[in-house]
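Reader: Could you walk me through a structure, one feature at a time? I would like to learn how to read it.

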Amino acid sequence: MTVKERIKAFIKWKKLNISAFCESIGVSNAYISSMRVSIQPDKLKSIALKYPELNIDWLLTGKGEMIIDNDNYQLSDNKPDYLKKKLIPMYDDVITKGGVDGNVIEVDSSHSPSEFIDAGDWFPEATSAVRHYGDSMVEYPSGSILVLKRVVDVRLLMWGRNYVIETSEYRITKQLQDGGNDYIIGYSTNKDTYPDGKQIHSPIYIPKDTIRHFDVVLGCVIKEYSDGGIIIR
């Protein structure tokens, strides 16, 4: 069963209709039908808060039972670990690259969180984390973890900030600027050039109608060496 099928099974168990369920977690009636294999962290949290009896591990992975076997279940005492702490989903199999022309990651909608990681007090607004590879963004070492915040209202994009942009074809990390009515311009911070002076990582024009969502980069987490400390940038 997929996450979508498990949600439908829970809705049936609750003797609700899809419309009532969607309204209860603050989404449109079309949310379930349009759902991909994965589920957004904010929607997952809404479901967990509204339906504390639902086993979130079962919802995400299919492991265990659908309903938590505890007649006296109280969210304040028994809520999932990712709600007790400032935990965010880490998509370890989802990676982003900074370049284009063979240096981007194709979008695969089959991802679920690999684990939930503790963002602690470093990134209180974080909603997810992904891997980053490539050399076009000099501030993010290849293999590091980018800590992200999902942009809900695209009118509030901040030009000049670094974002992870997912389109219908690829996922990349770029510094964004306004490209007019139809495009967003993505710039690399690596300004290296070829011998003829042309930029190796030239700006790209991203059609607005291909963009699925934006995540602003809050910071970068790297390990200097295997038994060393974590460096936050």
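Reader: How many aromatic pairs does a search of the whole structure find?

Author: Let us begin with what we are looking at. This is a predicted model, in which local features need pLDDT of at least 70 and side-chain atom pairs count only at pLDDT 80 or more, while totals for chains, interfaces and linings use all residues. Residues are numbered from 1 along each chain as its sequence is written, and side-chain values use heavy atoms, with hydrogens and water left out.

Now to the rings. A pair of aromatic rings is described by the distance of the centres and the angle of the planes. Rings of Phe, Tyr and Trp (its six-membered ring) pair if their centres lie within 6.5 Å; planes under 30 degrees apart are stacked, over 60 edge-to-face, and the rest tilted. The search of the whole structure finds 5 such pairs. In one of them, Phe 10 and Trp 13, the ring centres are 6.0 Å apart and the planes meet at 20°, so this pair is stacked.

Reader: Where do Phe 10 and Trp 13 sit in helix α1?

Author: They are 3 residues apart in helix α1, which separates them by about one helical turn. Helices (H or I, at least four residues) and strands (E, at least two) are DSSP runs, numbered from the N terminus.

Reader: Is Phe 10 buried or exposed?

Author: Buried means under 20% relative accessible area, exposed over 50%, and partly exposed in between (1.4 Å probe, protein chains only). Phe 10 has 2% relative accessibility, so Phe 10 is buried. Trp 13, at 44%, is partly exposed. Phe 10 also pairs with Tyr 51: their ring centres are 5.3 Å apart and their planes at 75°, so that pair is edge-to-face. Because Phe 10 belongs to helix α1 and Tyr 51 to the loop between α4 and α5, the pair ties together parts that are 41 residues apart in sequence. Ring pairs join Phe 10, Trp 13, Phe 21 and Tyr 51 into a cluster.

Reader: Which residues have the most contacts inside the largest nonpolar core?

Author: In soluble globular proteins, nonpolar side chains tend to be buried together. A nonpolar core is a set of buried Ala, Val, Leu, Ile, Met, Phe, Trp, Tyr and Cys residues joined through side-chain atoms within 4.5 Å. The largest one here has 22 residues, and Ile 7, Phe 21, Ile 39, Ile 47, Leu 54 and Leu 59 have the most contacts inside it. Two or more of its residues come from each of α1 (3-13), α2 (18-24), α3 (31-34), α4 (41-50) and α5 (56-61). Another core, of 13 residues, lies apart from it and includes Val 151, Tyr 163, Ile 184 and Val 216.

Reader: How many salt bridges does the count come to?

Author: Side chains of opposite charge can pair when their charged atoms come close. A salt bridge is a side-chain nitrogen of Lys or Arg within 4 Å of a carboxyl oxygen of Asp or Glu. The count comes to 6. In one of them, Glu 53 pairs with Lys 14, with the closest N and O atoms 2.8 Å apart. Glu 53 is in the loop between α4 and α5 and Lys 14 in the loop between α1 and α2, so this bridge ties together parts that are 39 residues apart in sequence. With 19% relative accessibility, Glu 53 counts as buried, while Lys 14 is partly exposed at 30%.

Reader: Which residues are linked in a network of salt bridges?

Author: That network links Glu 166, Arg 171 and Arg 212.
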